[in-house]
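Keep the view open and follow along.

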Amino acid sequence: MQTKHHDLPKNWELEKLEDGRLALNMGPSHPAMHGIVRVLLTVQGERVAGSDIEIGYLHRGFEKTCENVTWNQCVPYTDRLNYVSPFINNAAFALAVEKLMGIEATPRCQYIRVIMSELSRITDHLTCIGANAMELGAFTVYFYLINAREALYKLTDSVAGGRVTPAYARVGGLTRDLPPDFRQRTEEVFKVLRKNLDDADRLLTRNRIFYDRLHGTGIVSKEDALAHSFTGPVLRSTGVPLDVRKATPYLVYDRFDFDVPVGSNGDNYDRYLVRMEEMRQSMRITEQALAQLPEGPINLPDFGVTLPPKEQVYGNIEALMAHFKLTFEGVKPPAGEIYQAVEGGNGELGFYIVSDGTGNPWRVRVRPPCFTLTGGLSKMIEGGYIADIIATFGQINMIGGELER
Amino acid sequence: MNSYLLDEIKTKFPQDVLETHSFRGDETAVVRREALAEVAQFLRDGLGFDILMDLTAVDNLPREPRYELVCHFYSTGHNYRLRLKCPVPADNPSVKSLTGIWSGANWLEREVYDMFGLNFEGHPDLRRILMYDGFEGHPLRKDYPLKKRQPRIAHRD
C-alpha cells in the first residue's frame, strides 16, 4: 500500500530524513502502551533521534459539555477524567466550586474527601506500577497489584456505589456518608494491600531486569522538568519536593503527618520508588484521617447549596422550593473566576472555573497533570533506546481520559 | 487589597498593566497583550515563577474584547501562585508565544489554538492537537454549536 505524503503529520517528512535514519510508527494502538497515543519516531539504529507525539484519540469535549449543564451535573463527567483516581477529580471540582462560592464543606465531609482521595491515589499508583511492570515482563506483579486495587475498588464501591465512576462529591457535600463498617473494612483492605505491596517490592525493586530497564532511562533534569511544567511523581523524581498537599494544603491535609518522597536522578527508577513510597504515605494519611474522623453532618445545612433532606422536601414549602430550584437551576456561584489545585495521582490537577452568576458554568478548564507530561515525553525518550519508550511512557502514567478530556 | 507581588508588576510595567485584582485569594494581573511575553519573562527571571502551570483561554462573547488568554504561574521557591491575563480582540486573535520562555507552553498553546483559534506568534509548531486535520471551526468558541456535525473526511489509504 502506497502511503501518500500529504497524509503524514507535518513534521514527519520522509524526504527530509537524514541518511541512515528510519521513520517508525508506534501506536495509536500498541500492545505495550496502555492508552491510545501515537508516537511517530525517527530512529537511528536502535536509538530515538526524534519523535512526535500525536494525541486526541479520546477527546470527548468535557469542557464544552460542562458549559451546557449545571455545576453539579459536571461531577459525573469529572469521574471520567482520570478514571483510575476518580475521587480526586470529584473532590477537586467540588472544592473549586466551593472556593468560588466562598463556602467550606463540613469537617466530616472534608475528612471523608481526604480519605477517598488517598484511596484513589493508591489505586492510581497501583495501576501505574502494575501496568508498567507487566509491560516490562513482570506479569505476576501486575496480578498482585491489581488484586490490591480490586480490594480498594470494592471498598470505594461500598462507599459511593461505583467502582470507577462513583460521582461521590457534590458542591457543599457528598452523596452519602461512609458505611458503618468502613473502618474495619479499610483495615482488612490495607492488610491485603500491604502484603501485595511487599510482594511487589520484593519482586521488583532489586530485580536485575526491572532495575536495568528503569534505571538511567527517561532521564529529565530538574530545569527541564520545570520548564516543561511537570508536576507530581515525575517532577519529584528530579528532586523538587513539590506536592500541592504540602505546599498549599487544601481540605484538611495540614492536620496529617506524612512525608513527600523525592528522587535524585530524575529517571524511571526514581519515579517508581517515589510512587511506591507515596502509596505507603497515603495509607498513613488514611489511617490518621480515620482516627481523627469527626462526627456530624456531611452536607452543608444551606438550602442554596445542597439538596434538603427528603423528609423536609415533603414537609415544608421552603425545602420543596429549594429542592425544585436546585434541581432545575442548580447552585449559582457569584460571577468570578478561581483556580483550585489539588495533588492528583500524576501531579497537579487544577480546575480553572469561570462563572457568570447563572446555574451553568461559563468556562470549566481542567489542568490535567499528564498533558504537560506527555508534551515532554519527546524530550524524555530522545537519545534512548526504542525499548525504553515503554518504560518511560509507563512511568508518566498517561491517562487518556484526562489528557484529552 | 493588593499584594506586594501585584504592586511589583505594576511598578515595573506601569504602562502595560490594565488592572489587578484579588478574588478568593487568587491574585490576577491583566496586562496588554503586546506586553504578555515581556511580563512573563519578568515573572520568571525577576520574581521566581518557574512553572507555567496552565495556559488557557476564555471566550467572552458577546463582550469585547472577545477572548482572554489566562496563564497560571507557580513559584516553587516562594510557593506562590499568580494569574496573568490578557485581552485578545476577535478581529486579530494573536498573541506572542511563550514557548521561548517555557517549553511546556508548546502543547498548551497548541490546545488553545485548536479550541479557540488564537494564534501564537513565534510558536514553532502551531497545529491542531486534540482535533484532527480537516476539523472545521474551533469547538470551545461560544458560537460553535454543542451538537454541530462535522463534514466527513475522505477515506485515507
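This is a predicted model: local features need pLDDT of at least 70, side-chain atom pairs count only at pLDDT 80 or more; totals for chains, interfaces and linings use all residues.

Chain B has an average pLDDT of 86, and 97% of its residues score at least 70; pLDDT is the predictor's confidence in each residue, on a scale from 0 to 100. The model scores ipTM 0.88 and pTM 0.89.

Residues are numbered from 1 along each chain as its sequence is written, and chains are lettered from A and ligands numbered from 1 in the order in which they are written.

## Where the chains meet

Chain A puts 37 residues into the contact and chain B puts in 31 residues. Here, two residues are in contact if their C-beta atoms, placed from the backbone, lie within 7 Å.

Several elements of chain A each give at least two residues to the side that touches chain B, among them α3 (86–101), β6 (336–343), β7 (348–355) and β8 (361–367). Helices (H or I, at least four residues) and strands (E, at least two) are DSSP runs, numbered from the N terminus. The largest share, four residues, comes from β7(A). By class, this side of chain A has 13 nonpolar, 14 polar and 10 charged residues. Ala, Val, Leu, Ile, Met, Phe, Trp, Tyr, Cys and Pro count as nonpolar, Asp, Glu, Lys and Arg as charged, and the others, Gly among them, as polar.

## A sheet of three strands

In chain A, the strands β6-β7-β8 line up in that order as an open sheet with antiparallel pairing; strands pair if DSSP finds at least two bridges between them. β6 and β8 of chain A are at the edges with a single partner strand each, so one side of each has no neighbour in the sheet. From one strand to the next, the twist averages 15°.

Eight bridges join β6(A) to β7(A), and Y339(A) has Y352(A) in β7(A) as its bridge partner.

## Two helices packing

Which helix packs on α3(A) at an angle of about 145°? It's α4 (residues 107–135) of chain A, and the two axes are 7 Å apart. Axes are lines fitted to C-alpha atoms, for helices over the stretch in contact, and angles run from 0 to 180 degrees between N-to-C directions. Residues making this contact include F87(A) and I88(A) of α3(A), plus M116(A) and L119(A) of α4(A).
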